Amino acid sequence: MHEFSLSEELVKAVLAEMSRLEPTTILRQAKVVVGALRRVTPESLRLAYESQTRDTLAAGSSLDVAIVPAVLLCRDCGWRGELPDESNDQLFICRQCEKTNLETLQGMELYLSGLEV
């Protein structure tokens, strides 16, 4: 379950941001953007976050996970489109020309997008 290692880095970022705020500031929610190609299970990420924020300045806060769809571009024919959510294929094929010369434009994101205090 790679969500625990991702959460570890996320918690470090949250605590770094919290250190810039007044010591009495209470964190209500951390917001994270995750690309679909990261294959993250939001509930597992939330559980890892909850576990790793215990006894920290972020204790008791929730985690809002926004999943960004995968968007691909075919370098051969110029087709651009989203990869269906149900696709578990490791080999992506162009929906138009059926070639595999694809560039990932979106879907690998992983970043802290905000804090609600």
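Predicted model: local features only at pLDDT ≥ 70, side-chain atom pairs only at ≥ 80, totals over all residues.

The sulfur of C77 finds its closest cysteine sulfur in C94, at 3.6 Å, which is too far for a bond. The cut-off applied here requires the two sulfur atoms of a disulfide to lie within 2.5 Å. C97 is likewise in no disulfide, since the nearest cysteine sulfur, that of C74, is 3.6 Å away. A search of the whole structure accordingly returns 0 disulfides. In general terms, a disulfide is a covalent bond joining the sulfur atoms of two cysteines.

The fold may be read next. The protein contains 2 helices and 6 strands, and along the sequence these elements follow the pattern α-β-α-β-β-β-β-β. Among contacts between residues at least 6 apart in sequence, 72% join residues at least 24 apart.

Most residues other than glycine have a negative phi. R39, although not a glycine, has a positive phi of about 55°. R39 belongs to the loop between β1 (29-35) and α2 (42-53), where its relative accessible area of 33% makes R39 partly exposed. E98 is also a residue other than glycine with a positive phi, in this case near 65°. E98 is placed in the loop between β4 (80-82) and β5 (102-106). Is E98 buried or exposed? With 64% relative accessibility, E98 counts as exposed, because the threshold for that class is over 50%.

The overall dimensions come next. How does the radius of gyration of the protein stand against that of a compact globule of 117 residues? The protein has 18 Å, whereas such a globule would have a radius of gyration near 13 Å. The C-alpha trace spans about 55 × 25 × 15 Å along its principal axes.

Of the 117 residues in the protein, 33% are buried. The protein exposes about 7200 Å², and carbon and sulfur atoms supply 47% of this area.

Conventions
Residues numbered from 1 in each chain as written. Heavy atoms only, no water. Helix = DSSP H or I, 4+ residues; strand = E, 2+ residues; numbered from the N terminus. Rg over C-alpha atoms; globule rule 2.2 N^0.38 Å. Buried < 20%, exposed > 50% of the residue type's maximum accessible area, 1.4 Å probe, protein only. Contact = heavy atoms within 4.5 Å. Areas by Shrake-Rupley, 256 points an atom, 1.4 Å probe, with all protein chains shown as cover.
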